[in-house]
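This note sets out, in numbered points, some features of the structure shown below. Please read each point with the model in view.

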Amino acid sequence: RPEARDAIARLRGRGIRTIMLTGDREGVARHIAAEVGIDEVRAELLPEDKVRAIGELRRTGRVAMVGDGVNDGPALVAANVGISMGSGTDVSLESADLVLMKNDLTRISSAIGLARKAARTIRFNLTFALGVIVVVGILALFGQVALPTGVIAHEGGTIFVVAMGLRLLGYKAE
């Protein structure tokens with residue numbers, strides 16, 4: 001794909017290691033990997049070899065698999081996150097957790113950025129909401145907060161959490 005070099009560069013910029021798992025011949029795979037900037041190549045793999053490789057990689061960290069063919073289906077399921085292209089086969093589309101509808105590999109980096117921002121927002125929102133509940137609850141137990149004030153604090157916190165979540169709608173893809 002023409003955008004592959006840029007997509008790999010963006011992933012590297014995020015500190016993500018890229019590995020090519022392919023059923024293609026070793027020479028062809030190494031040539032393509034060199035063109036797009038992938039350092040590690042595992043070639044001439046059958047679908048079960050890809051699943052085994054994903055399993056090995058999962059022991060060292062989280063793994064995302066990008067594929068669009070029938071042979072990629074089992075590996076997409078084996079990965080922590082399976083990513084398929086919108087033009088992929090029915091098997092890859094059904095097996096994937098995420099489908100890139102525009103068939104643009106550079107969107108993988110944007111999807112990762114959005115997922116990371118969403119995770120940070122969720123952690124913040126949970127911490128804030130639980131903090132409000134704990135503080136208002138303790139103050140209410142000691143008679144320092146009247147019930148209407150506690151309800152207003154809780155509902156105000158809920159509105160704040162919703163507003164923080166809505167900020168994700170403004171996420172700009174790279």
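1. Basis of the note. This is a predicted model, in which local features need pLDDT of at least 70 and side-chain atom pairs count only at pLDDT 80 or more, while totals for chains, interfaces and linings use all residues. Residues are numbered from 1 along each chain as its sequence is written, and side-chain values use heavy atoms, with hydrogens and water left out.

2. The nonpolar cores. A nonpolar core is a set of buried Ala, Val, Leu, Ile, Met, Phe, Trp, Tyr and Cys residues joined through side-chain atoms within 4.5 Å. Buried means under 20% relative accessible area, exposed means over 50%, and partly exposed lies in between (1.4 Å probe, protein chains only). The largest core has 16 residues, and those that touch the most other members are Met20, Ile38, Val41, Leu105 and Ile108. Two or more residues come from each of α1 (4-13), α2 (26-36) and β4 (81-85); α1 provides the largest share, four residues. Helices (H or I, at least four residues) and strands (E, at least two) are DSSP runs, numbered from the N terminus. A second, separate core has eleven residues, including Leu45, Ile54, Ala75 and Leu76.

3. The largest pocket. On a 1 Å grid over the protein atoms alone, a pocket is an open set of points with protein on both sides within 12 Å along at least five of seven lines, where a 1.4 Å probe fits; lining residues have an atom within 4 Å of a point. Grid points are joined across faces, edges and corners, and a volume is the space filled by probe spheres set on the points. The largest pocket has a volume of about 1800 Å³. Its lining comprises 47 residues, and Leu11, Ile19, Ala64, Met65 and Val66 lie nearest the centre. Elements that give two or more residues to this lining include β1 (19-21), α3 (47-58), β3 (64-67) and α6 (107-141). With six residues, α6 gives the most. By class, the lining has 28 nonpolar, nine polar and ten charged residues. Here Ala, Val, Leu, Ile, Met, Phe, Trp, Tyr, Cys and Pro count as nonpolar, Asp, Glu, Lys and Arg as charged, and the others, Gly among them, as polar.

4. The second largest pocket. This pocket has a volume of about 220 Å³. Of its 14 lining residues, Leu100, Arg107, Ser110, Ala111 and Ala173 lie nearest the centre. The elements that give two or more residues to the lining are β5 (98-100) and α6. The lining divides into seven nonpolar, two polar and five charged residues. Ala111 is found in helix α6 and counts as partly exposed because its relative accessible area is 25%. Its C-alpha atom is separated by 9.1 Å from that of Leu100, eleven residues apart along the chain.

5. Leu105 and Glu3. Leu105 lies in the loop between β5 and α6; it is buried because its relative accessible area is 17%. Glu3 lies in the segment before α1 and is likewise classed as buried, with a relative accessible area of 16%. A polar atom of the Glu3 side chain lies 3.1 Å from the backbone nitrogen of Leu105. Contact means heavy atoms within 4.5 Å. Leaving aside neighbours within four places in sequence, Leu105 is in contact with Arg1, Glu3, Ala4, Ala7, Val66 and Met85.

6. Ser84. This residue lies in strand β4. Is Ser84 buried or exposed? Ser84 counts as buried because its relative accessibility is 0%. The side chains of Ser84 and Ser92 are joined by a polar contact of 3.0 Å. A polar contact is a pair of N or O atoms within 3.5 Å; within protein, one must be able to donate a hydrogen and the other to accept it, and residues adjacent in sequence count only if both atoms are side-chain atoms.

7. Glu44. This residue is found in the loop between β2 (40-42) and α3. Although Glu44 is not a glycine, its phi is positive, about 55°. Most residues other than glycine have a negative phi. Glu44 counts as partly exposed, at 49% relative accessibility.
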